Amino acid sequence: MQAAAELYIEAFGRKFKAAVADRDKLVAIIAKSFVTEYAFGAFEGENLLGIAGFQDAKKGFTSNIDFAVLKEELGFFGAIKAAAIFSLFDRAPAQHELVMDGIAVSKQARGKGIGTALLHAVQNYTRENGFKTLRLDVIDNNPKAKQLYLRTGFVASHHDDFSYLEWLVGFSGATTMHWRP
Ligand SMILES: CC(C)(COP(=O)(O)OP(=O)(O)OC[C@H]1O[C@@H](n2cnc3c(N)ncnc32)[C@H](O)[C@@H]1OP(=O)(O)O)[C@@H](O)C(=O)NCCC(=O)NCCS
């Protein structure tokens, strides 16, 4: 779980850092909260090289990051601040919809098809479990990820402008994309 948390933070550090500045506390919160049934992992032997989380209307890979877990690590006021920032990223799935809850490949293993394979695994899961759509959001300053999603059949549906939050989260907007089985 520690390895998955480290990988997740390496990839999404900026977004999480705004909520929890202390890296060790952030790793502890995330490692405690992952719901592993809601993710696919790519391994080389024992080594975790990549992870793709998802969520449905009931639960998700990071849905256990709740106020109680935050309070344990950050205290009451730290937890309020972190919960408020995390709520900005809430993407509650509709019925029959699956939503990506983070895909990350370790830096040294990128560009070898692992991200594509993980996305295919989530797409297969979407199809086999009768979901009508797989949704994700990709931030404006991540053209590599957007390229990967276009290549795997996702279609952009709308764009949200967050320029007023750029100072806090480090990006100015995000595109919502859908893939349908
Ligand atoms: C986005 C991310 C998950 C992609 O993972 P990845 O394993 O590098 O993805 P892939 O290797 O499948 O694809 C990346 C590129 O490598 C190319 N590639 C795939 N297999 C290859 C191979 N065997 N040899 C050479 N190139 C290859 C692909 O064609 C692709 O090219 P593209 O950039 O033109 O689309 C990864 O960069 C990452 O973790 N980024 C940080 C976290 C992040 O941004 N997550 C997405 C948030 S929305």
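**Entry 1: Asp 101**

I began at the side chain of Asp 101, which makes a polar contact with the side chain of Thr 62 at 2.9 Å. I take a polar contact as a pair of N or O atoms within 3.5 Å; within protein, one must be able to donate a hydrogen and the other to accept it, and residues adjacent in sequence count only if both atoms are side-chain atoms. I am reading a predicted model, where local features need pLDDT of at least 70 and side-chain atom pairs count only at pLDDT 80 or more, while totals for chains, interfaces and linings use all residues. Residues are numbered from 1 along each chain as its sequence is written, and side-chain values use heavy atoms, with hydrogens and water left out.

A polar atom of the Asp 101 side chain also lies 3.3 Å from the backbone nitrogen of Phe 61. I found Asp 101 in strand S3. Helices (H or I, at least four residues) and strands (E, at least two) are DSSP runs, numbered from the N terminus.

Is Asp 101 buried or exposed? Asp 101 is buried, because its relative accessible area is 2%. Buried means under 20% relative accessible area, exposed over 50%, and partly exposed in between (1.4 Å probe, protein chains only). Leaving aside neighbours within four places in sequence, Asp 101 contacts residues including Tyr 8, Gly 60 and Arg 91. Contact here means heavy atoms within 4.5 Å.

**Entry 2: the strands**

I looked next at strand S2, residues 47-55. Eight of its nine residues are buried, so S2 is largely enclosed by the rest of the structure. S2 pairs with strand S1 (residues 39-44) in the antiparallel sense, over six bridges. Two strands pair if DSSP finds at least two bridges between them. Phe 43 has Leu 48 of S2 as its bridge partner. Two residues lie between the strands in this hairpin, and Gly 45 takes a positive phi near 65°.

S2 is also joined to S3 (residues 97-105) by five bridges, and these two run antiparallel. Here I noted Met 100 in S3 as the bridge partner of Phe 54.

**Entry 3: the core**

Which residues touch the most other members of the largest nonpolar core? Of its 54 residues, they are Ile 30, Ile 51, Met 100, Tyr 149 and Phe 154. Helix H1 (residues 2-19) gives this core its largest share, eight residues. A nonpolar core is a set of buried Ala, Val, Leu, Ile, Met, Phe, Trp, Tyr and Cys residues joined through side-chain atoms within 4.5 Å. Not counting residues up to four places away in sequence, Met 100 touches Ala 52, Leu 119 and Leu 136, among others.

**Entry 4: the ligand**

I then turned to the ligand. A polar side-chain atom of Arg 151 lies 3.0 Å from a ligand oxygen atom. For Lys 144, an N or O atom in the side chain is 3.2 Å from an oxygen atom of the ligand. Lys 112 instead uses a backbone N or O atom, 3.1 Å from a ligand oxygen. Taken alone the ligand exposes 940 Å², and the protein buries 70% of that. Accessible areas come from the Shrake-Rupley method with a 1.4 Å probe; for residues, only the protein chains shown count as cover.

Which element gives the most to the shell around the ligand? Helix H5 does, with six residues.
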